[in-house]
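Reader: I am new to this structure. Could you walk me through how to read it?

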Amino acid sequence: MRNLLAPLLIIMTIFRSQQNTVEQPDPEMTVKEGDNVTVTCSLKTSDSTVYIYWYSLFPGQPPQHMVYMIAAKIMNRNPDLSDRFSFKFTQSTKVTELVINSTIFYDSAVYFCAMQPTLMQSYGTAPT
């Protein structure tokens with residue numbers, strides 16, 4: 001019985017991952033210091049409840065959790081994150097946005113979103 005369940009679970013995982021995808025249309029952006037910038041993620045899912053996780057990756061550092069959202073409601077925000085960073089979600093288009101106002105040199109990083117947690121938080125309980 002055990003051997004029959006393992007392949008079924010793998011197939012279910014593959015099916016689910018094909019059903020839920022995230023696309024970031026702008027793989028790279030160049031911004032002048034002081035400008036505002038919007039990073040967009042398009043979420044492809046048939047799920048009625050959308051879970052959104054935003055992360056940042058700065059050179060020489062591990063990825064950092066920025067925010068966890070259920071649709072447009074922020075459930076958990078990194079307390080070290082500047083108020084210049086805001087997050088939006090539009091249910092009708094299933095698009096989430098990270099907006100950075102008045103960018104500074106030290107905002108240079110890789111920013112990405114996910115529809116499931118990909119990191120454990122270092123400042124509290126991991127979002128689920």
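**Pocket, sheet and core**

Author: The lining of the largest pocket divides into 11 nonpolar, 3 polar and 5 charged residues. Here Ala, Val, Leu, Ile, Met, Phe, Trp, Tyr, Cys and Pro count as nonpolar, Asp, Glu, Lys and Arg as charged, and the others, Gly among them, as polar. Please keep in mind that this is a predicted model: local features need pLDDT of at least 70, side-chain atom pairs count only at pLDDT 80 or more, and totals for chains, interfaces and linings use all residues. Residues are numbered from 1 along each chain as its sequence is written, and side-chain values use heavy atoms, with hydrogens and water left out.

Reader: Which residues are the closest to the centre of the largest pocket?

Author: A pocket is an open set of points on a 1 Å grid over the protein atoms alone, where a 1.4 Å probe fits, with protein on both sides within 12 Å along at least five of seven lines; lining residues have an atom within 4 Å of a point. The largest pocket has a volume of about 480 Å³, the volume being the space filled by probe spheres set on the points, which are joined across faces, edges and corners. Of its 19 lining residues, Met 29, Asp 107, Ser 108, Ala 109 and Tyr 111 are the closest to the centre. β2 and β8 each supply at least two residues of the lining; strands are DSSP runs (E, at least two residues), numbered from the N terminus.

Reader: In what order do the strands of the open sheet lie?

Author: Strands of a sheet pair through backbone hydrogen bonds, either parallel or antiparallel. In this model, an open sheet of 4 strands has the order β5-β4-β3-β8, with antiparallel pairing; two strands pair if DSSP finds at least two bridges between them. Its edge strands, β5 (73-77) and β8 (110-114), each pair on one side only. Strand β3 (residues 51-57) is joined to β8 by 5 bridges, and Tyr 55 has Phe 112 as its bridge partner in β8.

Reader: Why is β7 largely enclosed?

Author: Strand β7 (residues 95-100) is largely enclosed by the rest of the structure because 5 of its 6 residues are buried.

Reader: Which residues have the most contacts inside the largest nonpolar core?

Author: In soluble globular proteins, nonpolar side chains tend to be buried together. A nonpolar core is a set of buried Ala, Val, Leu, Ile, Met, Phe, Trp, Tyr and Cys residues joined through side-chain atoms within 4.5 Å. The largest one has 20 residues, and Leu 43, Trp 54, Met 66, Phe 85, Phe 87 and Leu 98 have the most contacts inside it. β2 gives the most to this core, with 4 residues.

Definitions and conventions:
Buried < 20%, exposed > 50% of the residue type's maximum accessible area, 1.4 Å probe, protein only.
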